[in-house]
Amino acid sequence: MLVRATLSSNIPAYAELAPEQPEGIAAQRVNELAPANGVICNQALLEFAAVVRRRLPPSLPGAVTKVDAWSQVFETAPTRSFIMAAALRPVTAPQFQIGGAVIWSADRAAQRRPKRRSSSGR
């Protein structure tokens with residue numbers, strides 16, 4: 001039986017925001033061990049960036065870099081990675097919140113996709 005670790009946004013958040021506390025130390029250890037069979041939802045990665053932006057704004061650029069790295073190392077579950085990447089770019093500007101950036105990015109991506117033809121060919 002394969003056991004998979006599913007990470008919430010709390011794991012990277014504790015590792016980033018409380019690295020010297022017991023929770024942060026444990027989270028860092030999970031981050032080291034989990035990529036072999038771990039899964040993280042893209043939404044959790046976005047929530048991590050939102051928490052860092054709110055609690056420790058100067059660390060946001062590093063958090064964005066970590067989100068990119070983790071999305072390459074962990075198996076990720078949808079929200080699609082290209083939507084996540086597009087959403088992280090405007091989040092560095094103060095007028096965007098994570099949720100709004102995801103919706104905006106998903107909408108822009110949907111507008112670029114070719115329209116599907118109906119089964120009747122019209």
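Biologist: Which residues is Phe 48 in contact with, leaving aside its neighbours within four places in sequence?

Modeller: Phe 48 is in contact with Ser 9, Pro 12, Ala 13, Glu 16, Ala 63, Lys 66, Val 67 and Trp 70, where contact means heavy atoms within 4.5 Å.

Biologist: On what basis are such values given?

Modeller: This is a predicted model, in which local features need pLDDT of at least 70 and side-chain atom pairs count only at pLDDT 80 or more, while totals for chains, interfaces and linings use all residues. Residues are numbered from 1 along each chain as its sequence is written, and side-chain values use heavy atoms, with hydrogens and water left out.

Biologist: Which residues have the most contacts inside the largest nonpolar core?

Modeller: Leu 46, Phe 48 and Val 67 do, in a core of 23 residues. A nonpolar core is a set of buried Ala, Val, Leu, Ile, Met, Phe, Trp, Tyr and Cys residues joined through side-chain atoms within 4.5 Å; buried means under 20% relative accessible area, exposed over 50%, and partly exposed in between, with a 1.4 Å probe and protein chains only.

Biologist: Which elements give two or more residues to this core?

Modeller: They are α3 (42-55), α4 (60-73), α5 (81-91) and α6 (98-112). The largest share, 7 residues, comes from α3. Helices (H or I, at least four residues) and strands (E, at least two) are DSSP runs, numbered from the N terminus.

Biologist: How do α4 and α5 pack?

Modeller: Their axes are 11 Å apart, at an angle of about 175 degrees. Axes are lines fitted to C-alpha atoms, for helices over the stretch in contact, and angles run from 0 to 180 degrees between N-to-C directions. The angle therefore makes α4 roughly antiparallel to α5, a label for angles over 145 degrees. Leu 60, Val 64, Val 67 and Ser 71 of α4 make the contact with Met 84, Leu 88 and Val 91 of α5.

Biologist: Turning to the strands, in what order do they form the sheet?

Modeller: The 3 strands form an open sheet in the order β1-β2-β3, with parallel pairing. Two strands pair if DSSP finds at least two bridges between them. β1 (6-7) and β3 (75-77) are the edge strands, each pairing on one side only.

Biologist: Over how many bridges do β2 and β3 pair?

Modeller: Strand β2 (residues 39-41) pairs with β3 over 3 bridges. Cys 41 stands opposite Ala 77 in β3.

Biologist: What pattern does the protein follow along the sequence?

Modeller: The pattern is β-α-α-β-α-α-β-α-α, from 6 helices and 3 strands.

Notes
Angles under 35 degrees count as roughly parallel, over 145 as roughly antiparallel, 65 to 115 as roughly perpendicular and the rest as oblique.
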